[in-house]
Structure formats: structure tokens, C-alpha cells
Number of protein chains: 2
Amino acid sequence: MGRTRAASAPGLKDVAAHAGVSVATVSRVINGGPYVTERVRALVAASMDALGYEPHALARSLRTGETRSVGYVVSDIANALFSTIARGIDDALQPQSYTMVLANSRSDPAHELDVIRHLLRRRVDGLVLSLADETSPALRDFLAGLRTPLVLLDREVEGVLADQVLVDHAAGVAAAVAHLRDLGHTRVGLITGEASTRPGREIRRAFEDAHAAAGAPIPGGFVRVGALSEAFGAQAAAALLQMPEPPTALIAGGAQITVGVLRVLRRQGVRVPEELSLVAYDDTDATELFSPSVSVIARDIYAIGQTAAALLLDRLGSGGAQRVARIPTALILRGSIAAWGGSPGPLLT
Amino acid sequence: MGRTRAASAPGLKDVAAHAGVSVATVSRVINGGPYVTERVRALVAASMDALGYEPHALARSLRTGETRSVGYVVSDIANALFSTIARGIDDALQPQSYTMVLANSRSDPAHELDVIRHLLRRRVDGLVLSLADETSPALRDFLAGLRTPLVLLDREVEGVLADQVLVDHAAGVAAAVAHLRDLGHTRVGLITGEASTRPGREIRRAFEDAHAAAGAPIPGGFVRVGALSEAFGAQAAAALLQMPEPPTALIAGGAQITVGVLRVLRRQGVRVPEELSLVAYDDTDATELFSPSVSVIARDIYAIGQTAAALLLDRLGSGGAQRVARIPTALILRGSIAAWGGSPGPLLT
């Protein structure tokens, strides 16, 4: 049977003997059966604690259907964004005695479906999902048929009824573009994620809308779309800097993209903000401790997790219509931005 | 029953009809029973895939005792150290089709025991533990009685038989102290974690041993021991800098301690390395992108996770004597260290 407790672990009989009740009574207490007074329940619970008895909870949960656990699926466990969200979720579950179990989809839509199914097989009461890809048909079909409560984090999946936590990327990006234009920047570049998840779509759309509203064209090649990775951030930044007429300001639309951008600026000795003004995502150790400190589009990442857990606990308690919680973004100004006085052209040194 | 699949999900009968075999045969395939040829097994598996059939794996695992999942318990999910280890574990489990589920102990020894028991109740085949506290008697007793395979990450728990991955902190710390002394630093400070986990003990011991070997006294108040947190790092750095005769060099013994130290150095305008030479843990975005880049005691954090998973998979396969894998540390020299020419005393500006 591969029981997961010690060879000498006590059984039902030991608990019954210790509490001075029948084995059937102990069984009823464990399984939440009828005809058990509060006094007997407390007595049996005390004996279970005293002996270190572990009811076979897996079997019990098959009967009761409740596990008091919530699954959180992330696309990259090593991404600080998701680990901060995870802490927010876990902290918010604590008062309700729920436990979070986290699984990693390795940014692979096929594996994403596997880990979601794995968690469901281990029976979680609800799921929070930071999906790697909203567009996978297999995943969409699976989620659409699921009855387990779901919270989608900054994702929109067609046909799937789920609570959502959505980040208001547009406000932060619009503020950044407006501020840079006020400072004389007419050549602003953007590096951001693919359209297969909401942040990539929203950041790009907000960037384009802000330019359209100002009646300002975006120079060709100034929007670079790719993976939310350091490698892509570095590659895109290097490509932008090599253009005959490079941007005078840059928005890095992702925390890992930002690390790649900062590496390239450091390596190439680009002077910030004299040669390039920079606005980045998110407010991390790297953006704060870089010299100069980097202006950021910030959002309360921990609150994303807390909000997701609150939505899920609400739904587990009551059900009701699907809800959407919105997380604001703010532009935090630091030393990485300056007015642009020079003419566009190869970097001045 | 609170089944966690769609209302329209196919059942055993549907799979049997699709495959053209009996329900009993499907059941034998699912449960690994006898009298099933490879051809029939493949046929049934293909039908299960085609129909999206989900065997009730929880019930199945009660019979077979195997879950192909591994639990990883961390003390702080938001710590990049643990999330990088988690990625190492998960990646190493992938070829064997194991899934990692991660749970967070919130640095609380009582909750640590709770989450371990929670994972065991959900039936994991093995556990990897980054314990918050090695000294909790309740946890020690529980782990000592456990038959589930365990891997302890850089932890030593008395009386607990487990595979271990141990980091060789001593080599890195000894190299750092020796290098700083070679550069004329006789006043080297240390900020590190509590003695309740192995890294804190090892780093402190190596620091003291390196001084003893050089016949050099450690000035009073130069060793600061506390939480592995940014807050403690900042507080300890501020306290060291305020001493009448402050250190001329500092070793920050933890990645989160380091972030706190860097914040204080930045805030107080301490010039590195002119006023203070710095060696930090670990090689992170913050230490790399700080100006100047920070010399670090580095280890392959991802390899800690990979090694842990390899030990656990080995044990699940074969058993055998407990094993210890060792992860080396190396001193990486960057711009944050310089020779000390001045006399000790209040910071020169």
C-alpha cells in the first residue's frame, strides 16, 4: 500500500482505546458522520493528537470531497513575479486553514494541461492559473468543461467562466509614453511579450493607443515582441541600439525583459538617462539598485495573489456570478529619465 | 462526491466501447492489473486519450501506492533561492514524468510540520525539504518516524535518516576572508543567518576559522547574526557602519541580507569599494547589476535542485544507504573589492 507513515504509526484501534470509545465512533469522528457529540469529537481529536494519529485523509477526501487545498499553476517557478504572487495567495489562504500547492508548467502549453490535471487528480478545491498560453485549444476546451472553481491571473480564455484578476497595464503605459513625450522624446521604443497572453497584448495596445492619441507615429521597428525572458530582452535592446536612428527612450514591458535590457545597457556602456531614458517593468531589486535607479511601471504584485485567493475563497463559500478584480498600475519616476535635447541619430558620447 | 471533472466527462463504459474491449479490461489497464497484453494496453490508452478520459487517479493511487509526484517544502516561496532550486527539481523530474508540487512553510516551524503532513496526506512519493528550522523537536520526531523518502537541502536534522544536498559554504567564505586580508583588510565584518539552519552555522564557523588560521582577531561586534531577510541585512549594515571603528570590508551571508545591505550602502552614499569592500551571497540580478558589480560567493543554485531530484529518483528506484551530495562554492571577484590603504577609523570621504 505504500502508506506514508511510520511503521509504528497508531491505528484506529489505538485511538479508540486511548479515548475510551469504540472504533466505530472514531471512524464517525474522522469521517464527519452523524451521532457524535461535540464532547466525544473533542475527546477523539485529543487522542488523535496525543498519539500522532494520521487519518488516511486521501480516502476521507474521496468521501467528503473537500481537501482545503488550492492549486496554483505558474509558467515559470523561477520568475520572481509568480513567486511573489504565490506568497500573496498563500498568506491569504492561511486564516482559512487552506494550503497552497504550486506546480510549474515550464511555459509549455501541453505540460500546463498535464499539471492542471495532476492537481485535479490529487483533488484541490480550486485553482489559480498564471497560464503560459491563453490560446491553446486543448487547454481552453479542458478549462471550459471544468467545474472546479478557477481564478485566471491577468489572462482571458475564450469560453471559460472564471474569476479574474486583471492588471490595468494601459494606465501605466499611457502615463509613461505621455511623460516621455512631454520631455521631448519622439522616438520611444517598446520591448514586450507575445500576444498569446494578456499582458503582451495590453501593453502593446496601450503603447499604440498613446501614440495615436498624441497624433505621433511610432517609428518602424520600434516595437519588439517576443518571449518574457532575459534573453529576448537583451537581444531586442541590442537590436534597437544598433538601428541607424535608435530610440531616445525605451519601455521594457516585463521584469525579465528588463534584466536583459539592463545587462545590455551596462555591457555597452550606454549612459542612462543622458543617451537613453528608460522605463521598466516591475519594481524589483534590479530596477531599484541599478545606477541610476530605474523608473518603473509598478503594480502591487503581492496584492494580485491576495486578491486571487480572496476571490477563490469567496467562490468556495458561496458561488455566484463570475467576478473581475482590477489591479492598478502606477508610473514611479526615478533617475533613469531625462529630457531629450539632442537630435535623433547615432548615440552621442 | 465533488468530482473534479466536467459533467459530460466520459466514463469507463465509453472508453470500453471506443476501444472495443470490456469494462473489466479497461479497469485492469488503469489499475495495472494482470492478463493485459501490450497491444490491448496501447489500444485502451489511445481510447482514453481520444475521449479525454480521466481515471479517478486518487482512488487508483490508493490501490497502487504510487503518485509520481514529489513534494518540495520551502520556508519562503518569494525567496529567489528556493524558486531557482524548485526549477532545478522540476526540470530533473520531467524526464521521469514526475510532477513537483511545492508548498510554503512561511518560515514557521509549526506550519512547516502542517504542510509536510498535508503533502503526505495527498500522497507524494517523496519529499525535498528546505526547512526553516532544523531544531524543532516536533518536526524532528515526525521526520524520524517517516518512511517516505526524504532529501534535506543544506540542512542537518538529528536522528533523521535522509539523503542530503550540502553546500560547501566554508570554501567560499575562507577564500573571501583570505582575499580581503591579502588586500590589507584587517577589519572584516560578517552579516549572516541564525544557527538554527546549517548555512548560518557553516558561514559563521568558516569566518571564525579563517580568522583563527590567520592568527587574526575578529573585532567585537563584527559578526551580526539574524534573520535571512532584507530587513535584517539593512539593520545590521547600518549598525556596522555606525560603529566608531567600522569594518573596511563586509561579507553579506545571504541573498536577501545582501539586498538589504546594498540598499543601505546606496542610501548612505557609501562608496564601494573605496570606503567599503563587499563580498555578497549569491550571484543574482541585484549583485550583478549594482554599480560596481558585487563580488560574490556563488554556488550553482539550479544544480542544488537537480541534485536533490536525482537523489530522490534514485531512492524511489532502488533504496540503499543514505547519500550526501556536495555543492561547491566559488569566490567571483568583481569591482566591489579594493586594497585597503587607509587607517581604520570613521569612514573617509
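1. How many bridges join strand E6 of chain A to E7(A), and do these strands run parallel or antiparallel? In this predicted model, strand E6 (residues 188-193) of chain A and E7(A) run parallel and are joined by four bridges. Within E7(A), Gly226(A) is the residue that stands opposite Gly193(A).

2. These two strands belong to an open sheet of chain A, built from six strands in the order E7-E6-E8-E9-E10-E12 with mixed pairing. Strand E7 (223-226) and strand E12 (330-332) of chain A are the edge strands, each pairing on one side only. On average, and with direction ignored, neighbouring strands of this sheet are turned by 15 degrees against each other.

3. Helix H9(A) packs on this sheet, where it touches E6, E7 and strand E8 (249-253) of chain A. The direction of H9(A) makes about 160 degrees with that of E6(A).

4. H9 (residues 198-213) of chain A also meets helix H8 (residues 169-182) of chain A: their axes come within 8 Å and cross at roughly 40 degrees. H8(A) and H9(A) are therefore oblique to each other, and H8(A) passes H9(A) in a right-handed crossing. On the H8(A) side the contact is made by His169(A), Ala170(A), Val173(A), Ala174(A) and Val177(A). H9(A) contributes residues including Arg198(A), Pro199(A), Ile203(A) and Phe207(A). Sorted by class, the contact of H8(A) with H9(A) has nine nonpolar, two polar and two charged residues.

5. Arg198(A) takes part in a salt bridge as well, with Asp154(A) as partner; the closest N and O atoms are 2.5 Å apart. The pair links distant parts of the chain, 44 residues apart: Asp154(A) is in the loop between strand E4 (150-153) and strand E5 (163-167) of chain A, and Arg198(A) is in helix H9 of chain A. Over all chains, the structure holds 34 salt bridges.

6. Chain B has an open sheet of six strands in the order E7-E6-E8-E9-E10-E12, with mixed pairing. Strand E7 (223-226) and strand E12 (330-332) of chain B each have a single partner strand, so one side of each is left without a neighbour in the sheet. From one strand to the next, the twist averages 15 degrees.

7. Inside the chain B sheet, strand E8 (residues 249-253) and strand E9 (residues 277-280) run parallel and are joined by four bridges. Val279(B) in E9(B) is the bridge partner of Ile251(B).

8. Two helices of chain B can be described against E8(B). Helix H8 (residues 169-182) of chain B runs at about 170 degrees to E8(B) and lies across E6, E8, E9, E10 and E12 of chain B. Helix H11 (residues 255-267) of chain B runs at about 145 degrees to E8(B) and lies across E6, E8 and E9 of chain B.

Definitions and conventions. Residues numbered from 1 in each chain as written. Chains lettered and ligands numbered in written order. Predicted model: local features only at pLDDT ≥ 70, side-chain atom pairs only at ≥ 80, totals over all residues. Heavy atoms only, no water. Axes fitted to C-alpha atoms, helices over the stretch in contact; angles between N-to-C directions. Parallel < 35°, antiparallel > 145°, perpendicular 65-115°, else oblique. Left-handed = near helix turned anticlockwise from the far one by under 90°. Contact = heavy atoms within 4.5 Å. Nonpolar A, V, L, I, M, F, W, Y, C, P; charged D, E, K, R; others polar. Pairing = 2+ DSSP bridges. Salt bridge = Lys/Arg side-chain N within 4 Å of Asp/Glu carboxyl O.
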